[in-house]
Amino acid sequence: MATVSPSTDFSALRSATKTPAAVSTTRDIRLDFYRGIAMFIILVAHIPGNAWANWIPARFGFSDATEIFVFCSGMASAIAFGGAFVRRGWLMGTARVLFRCWQVYWAHICLFFFTATAMAALDLYSGSDFSYIDDLNLRFFFDDPAPQIVGIFTLTYVPNYFDVLPMYLGVLAMMPLIMALARVSLWAVAACVIAIWLAANVGSIHFPAEPWSSREWFFNPFGWQLLFFTGFAFMRGWLPPPPVKKGLIWAAAAFLVLSAPIGSWKVYSWVNALAPGLGADLLTIWDGIKALNENTGFDLRDKTDFAILRYVHFLSLAYLAWVVAGDGGDRLRAVGEGAAARVWSVLLTVTLKVGQQSLAVFVTSMAVARLFGFVLDQIGRNFGTFALINLGGFCLLIAVAYIAAWFKSQPWRSKRT
C-alpha cells in the first residue's frame, strides 16, 4: 500500500494514485460483513415503536449504523469506482460515478413515492383514526403537492425519513473532485476534505430541506464526506492500515466506554442511578458542550454535520471491529466444526450477501419499515410480535439480497464455453 509522509514529493504522490498495484481491487469480507450488519440495524431502527431499537449501537454512543453504511460505502466505492479513474482516466471514472449517482437518485425518488403512497393507502383504507401521513410528517406534501413534487425531484424537499440517499448522492458527486486533486497531491485531498468538513460544522455550507422553513438536510453531505473519504482512502491505499497494538486497543475501548454516558442518555441514566455524584459531573460536561454550541455554533456531538466526537467514536469502534475480524477477515471465516460452526457459516454467508447488495436492501428496508409499524399497531407490541416482525424483516432483506444478486448475474445471458 502507498503511504504518505511530509517528505513525499508531488511526483511520488501522483505515482501512488496512478499505480494499480497500490490499490485493493477485490472485495474485503470485512467490508461486506459489517455493511450487512448495518443493513439489519437500519431496519430495526426505522420500524416505528420497535422495542429492539432500544438496543442498537445508537443507544450506547455517538455513532450508529449510518456511520457503518457511509464508511463501508466509501471503501466499496474505492474498489468499484475509484479503480475506473486509474484504469480508464478521469473522464471515464467520472462517467462511472455519474451513472451510480443516477441509480441512487432514482432509488431515492422511487422510495419516496412508494412510501408516500403506502401511507396514503393506510390512511384511506385501514379504518384507523391514526394518520400515518402525519406520523411521517408528509402533510405538507399531500396538502400542496405541486411545489413539493418539484422539490422532491430537485432535492430541495427532503423529508427526514428520506435523507440518507440524498446524502450518499451528494458525497458520491464529490468523488471526481477528490480524484482530480489526488493526481496533484494527497495533501491537497486531505486539505480539501477537512476544509469542507470544517465549513459544514460551522454552518457555512448545507442544502435546504424544505421551502417553507430554514431546515437543512438532516445528513449534510459536506460533513459526512469526511467519513466516506476516510474509508475510501484506506481502501485506495492512501492511508496505511492501523497497527494491531494492545495500547491502541485499550485506548479505543476506553474511549467507547468513557464517552458512552455523554453520547447516550440511556447510559447516562444508568450511571446516574448507580452514582448520582458522577451523574452530576456528567451533566456539567453536557452543559459545557451545549454552551460551546450556543456560543460558537460548533456542536461536538452533532449528527447533521457529522461532528468530531461521532468521527472519533466511530473510528474507535471500527478499529476494534477490524481487530476482531482479523487479517483479511480470517477470524470471521474460522468457524471450526460442529453444529454451532455450521450455524455461524450460514449466518456469515447471508450477512455477506446482504452487505454486497446494500442499495437494494437499504431501499427495501426503508420501504417496508413503516408497513411493519402498521402491522405492529394491529397485532400489538409484545415480546413475541417484536420477534416476529424483526426476524421476518431480516428474512425479507436476505431474500431481496439473493434476488438482487441473481438479477445482477444476468442468468439469461448465454454462458461462453
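Mentor: We will go through pockets, ring pairs, charges over rings, a helix and some backbone angles in turn.

Mentor: This is a predicted model, in which local features need pLDDT of at least 70 and side-chain atom pairs count only at pLDDT 80 or more, whereas totals for chains, interfaces and linings use all residues. Residues are numbered from 1 along each chain as its sequence is written, and side-chain values use heavy atoms, with hydrogens and water left out.

Trainee: How much space lies in the largest pocket, and which residues lie nearest its centre?

Mentor: Rolling a probe the size of a water molecule over the atoms shows where empty space is left. On a 1 Å grid over the protein atoms alone, a cavity is a set of points where a 1.4 Å probe fits but cannot get out, while a pocket is an open set with protein on both sides within 12 Å along at least five of seven lines, and lining residues have an atom within 4 Å of a point. Points are joined across faces, edges and corners, and a volume is the space filled by probe spheres set on the points. Here the largest pocket holds about 820 Å³, and its lining has 31 residues, with Phe71, Met75, Ala318, Tyr319 and Trp322 nearest the centre.

Trainee: Which helices supply at least two residues of that pocket's lining, and how does the lining divide by class?

Mentor: Helices here are DSSP runs (H or I, at least four residues), numbered from the N terminus. H2 (29-46), H3 (65-88), H11 (221-236), H12 (246-263) and H15 (308-325) each supply at least two lining residues, and H15 gives the largest share, eight residues. With Ala, Val, Leu, Ile, Met, Phe, Trp, Tyr, Cys and Pro counted as nonpolar, Asp, Glu, Lys and Arg as charged, and the others, Gly among them, as polar, the lining of the largest pocket divides into 26 nonpolar, two polar and three charged residues.

Trainee: What is the volume of the largest cavity, and which residues line it?

Mentor: The search of the whole structure finds one cavity of 30 Å³ or more, and the largest cavity has a volume of about 40 Å³. Its lining is made up of His108, Leu111, Tyr161, Phe162, Asp163, Val164, Leu165, Pro166, Phe362 and Met366. The largest share of this lining, three residues, comes from H8, and by class the lining has eight nonpolar, one polar and one charged residues.

Trainee: How many aromatic pairs does a search of the whole structure find?

Mentor: Rings of Phe, Tyr and Trp (its six-membered ring) pair if their centres lie within 6.5 Å, and planes under 30 degrees apart count as stacked, over 60 as edge-to-face and the rest as tilted. The search finds 40 such pairs. In one of them, the ring centres of Phe113 and Phe141 are 6.2 Å apart and the planes are at 70 degrees, so the pair is edge-to-face. Phe113 lies in H4 (residues 90-125) and Phe141 in H6 (residues 139-143), so the pair ties together parts that are 28 residues apart in sequence. Buried means under 20% relative accessible area, exposed over 50%, and partly exposed in between (1.4 Å probe, protein chains only); Phe113, at 25%, counts as partly exposed, whereas Phe141, at 6%, counts as buried. Trp224 and Phe306 form a tilted pair, 4.7 Å centre to centre with 40 degrees between the planes. Trp224 is buried, with a relative accessible area of 0%, and Phe306 also counts as buried at 0%.

Trainee: Which charged ends sit over the rings of Trp55 and Tyr161?

Mentor: A charge sits over a ring if NZ of Lys or CZ of Arg is within 6 Å of the ring centre and within 35 degrees of the ring normal. The charged end of Lys266 sits over Trp55, 4.4 Å from the ring centre, and that of Arg370 over Tyr161, 5.4 Å from the ring centre.

Trainee: What span should H4 have, and where is phi positive in a residue other than glycine?

Mentor: The expected span of a helix is 1.5 Å times one less than its number of residues. The 36 residues of H4 should span 52 Å, and the end C-alpha atoms are 52 Å apart, which agrees. Most residues other than glycine have a negative phi. Asn137 has a positive phi near 60 degrees, and Gln410 has a positive phi near 50 degrees. Asn137 lies in the loop between H5 (132-135) and H6, whereas Gln410 is found in the segment after H19 (383-408).
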